[in-house]
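Please look at the sequence and the structure below before reading on.

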Amino acid sequence: MTLDEVLREARLVAPDLVVARAQEQVAHAEVAVAGVYPNPSASVGTSTQAAKLSGTLSIPLVVLGQRGAAIDAAKADEATVKLDTQVAWNDIRQAAVRAYITLWLAEGVADARRQSAAIEATLEQSVIQRVQVGSAPELDALRVHAEKLRADDDVLEATAQVTASGSELGRWMGIHDGGGLRAGGNVEAPDVAPTLPLLLARLDGNASVRREQSDARAADARVDRERALVRPSLGLDVGADLWDPTLLPPGATGTPPVNYRAALTFDIPLFNQRGGYIDREKAQGDVARARVQAARVQAAAELTAAYRTFEAATARQRTLVDAVVPASEAAAKATEEAYTLGRAQLVAVLDA
């Protein structure tokens, strides 16, 4: 699989991301829960001296902003949960890329070990021929055979590492056994990265920083919700009394008139001003704002370390490609030719 295919699959089925998306659904449902309007209540009664049948309907009146504040707080929490999903995806993407590179590197090492084993086999045949004609001591044959056995063992170890790396990559793609996965192309790195100050200036776009900023806004929304809950809860009671003989004038007979009733009820925020709840949410907001600064510092430190690591790796790669590897190849070829002509020891050939 190519890296793009791996990331596309991980975005769809990575287990941690599936869990994060499920949390989003819960947070979305919480918005609907916050907007639930309380049910009215009804009561029916009778009496012996007054109305033979009376009924009352109590209708809650949430009209002083409590419901809207609760919905706003739930929406703010939902926004934070969505950013949690973005943070999770960033972590999964980074882990998947690292796992892919590890697999790609393991495959390259395995190929190099197989090439080395082939070189050792060819060298062994050459040394055996020299030993057979008396141009080299028997010790050279034993030594080169030992090196070939070591090279064969290195091939087995490298092959096992490829399987292990494939399994690690499969984990981020929801595959329980990814030992058969193989990298489908080379990993390309940019020659030059944007300047470090330019990258540092974009830290506020970091998902972890934005998540903490969203959490701070959610805490402020919860403060507004608690303040709204201090306002009185209103209720409208309407009712009717039927067949109430007390409503008839003295000495009158017949059906009594229907008595209609209405009342407005409200609670008095005398003993509970929700001060503790408000202070708690304010403290949560302070914590979230402190985490914003901590996330910025952590992101800046990680970015700087990653940037310097990239610079060092790029310089090392250029040195290896431009100088070290060509020189090593030339030295190995020259040493092998010198050994063939009897001008070098086998140890020098093996080292080269």
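At what angle do H1 and H3 pack, and how far apart are their axes? The angle is about 145°, and the axes of H1 and H3 lie 10 Å apart. The model is a predicted one, and the values in this report are computed from it.

**Helix packing**

Two packed helices are described by the angle between their axes and by the distance between those axes.

| Helix pair | Angle between axes | Distance between axes |
|---|---|---|
| H1 and H3 | about 145° | 10 Å |
| H1 and H2 | roughly 40° | within 6 Å |
| H3 and H4 | about 165° | 8 Å |

The pair H1 and H3 has a right-handed crossing. On the H1 side, the contact is made by Leu-3, Val-6, Leu-7, Ala-10 and Arg-11. On the H3 side, Trp-89, Ile-92, Arg-93, Ala-96, Val-97 and Tyr-100 take part. Sorted by class, the residues of this contact are nine nonpolar, no polar and two charged.

Helix H1 covers residues 3-13, and helix H2 covers residues 15-34. The axes of H1 and H2 cross at roughly 40°, so H1 is oblique to H2. Ala-10, Arg-11, Leu-12 and Val-13 of H1 meet Pro-15, Leu-17, Val-18 and Arg-21 of H2. This contact of H1 with H2 divides into six nonpolar, no polar and two charged residues. Ala-10 and Arg-11 are named in the contact of H1 with H2 and again in the contact of H1 with H3.

Helix H3 runs over residues 66-132 and helix H4 over residues 138-171, and the two pack at an angle of about 165°. H3 is therefore roughly antiparallel to H4. The crossing of H3 and H4 is left-handed. The residues of their contact are 19 nonpolar, six polar and 12 charged.

Leu-12 has its place in helix H1. Is Leu-12 buried or exposed? Its relative accessible area is 57%, so Leu-12 is exposed. Apart from neighbours within four places in sequence, Leu-12 is in contact with Val-18 and Arg-21. Between Leu-12 and Pro-249 there are 237 residues of separation in sequence and 79 Å in space, C-alpha to C-alpha.

Gly-166 is placed in helix H4. Gly-166 counts as buried because its relative accessibility is 0%. When neighbours within four places in sequence are set aside, Gly-166 is in contact with Leu-103, Gly-178, Gly-179 and Leu-181. From Gly-166 to Gln-293 the separation is 127 residues in sequence and 38 Å in space, C-alpha to C-alpha.

Ala-189 is found in the loop between H4 and helix H5. With a relative accessible area of 57%, Ala-189 is exposed. Ala-189 and Val-97 are 92 residues apart in sequence, and their C-alpha atoms are 12 Å apart in space. Val-97 is one of the H3 residues in the contact with H1.

**Salt bridges**

Side chains of opposite charge can pair when their charged atoms come close. How many salt bridges does a search of the whole structure find? The search finds 20.

Asp-215 and Arg-211 both lie in helix H6, residues 207-228, and are four residues apart, about one turn of the helix. Arg-211 counts as buried at 18% relative accessibility. Glu-212 is buried as well, with a relative accessible area of 13%, and Asp-215 counts as buried at 13%. Arg-211, Glu-212 and Asp-215 are linked with Asp-84 and Arg-291 in a network of salt bridges.

The side chains of Arg-222 and Glu-281 meet in another salt bridge, at 2.8 Å from N to O. This pair links distant parts of the chain, with Arg-222 in helix H6 and Glu-281 in helix H7, 59 residues apart. Helix H7 covers residues 275-340. Arg-222 and Glu-281 are both buried.

How values were computed
Residues numbered from 1 in each chain as written. Predicted model: local features only at pLDDT ≥ 70, side-chain atom pairs only at ≥ 80, totals over all residues. Heavy atoms only, no water. Axes fitted to C-alpha atoms, helices over the stretch in contact; angles between N-to-C directions. Parallel < 35°, antiparallel > 145°, perpendicular 65-115°, else oblique. Left-handed = near helix turned anticlockwise from the far one by under 90°. Nonpolar A, V, L, I, M, F, W, Y, C, P; charged D, E, K, R; others polar. Buried < 20%, exposed > 50% of the residue type's maximum accessible area, 1.4 Å probe, protein only. Contact = heavy atoms within 4.5 Å. Salt bridge = Lys/Arg side-chain N within 4 Å of Asp/Glu carboxyl O.
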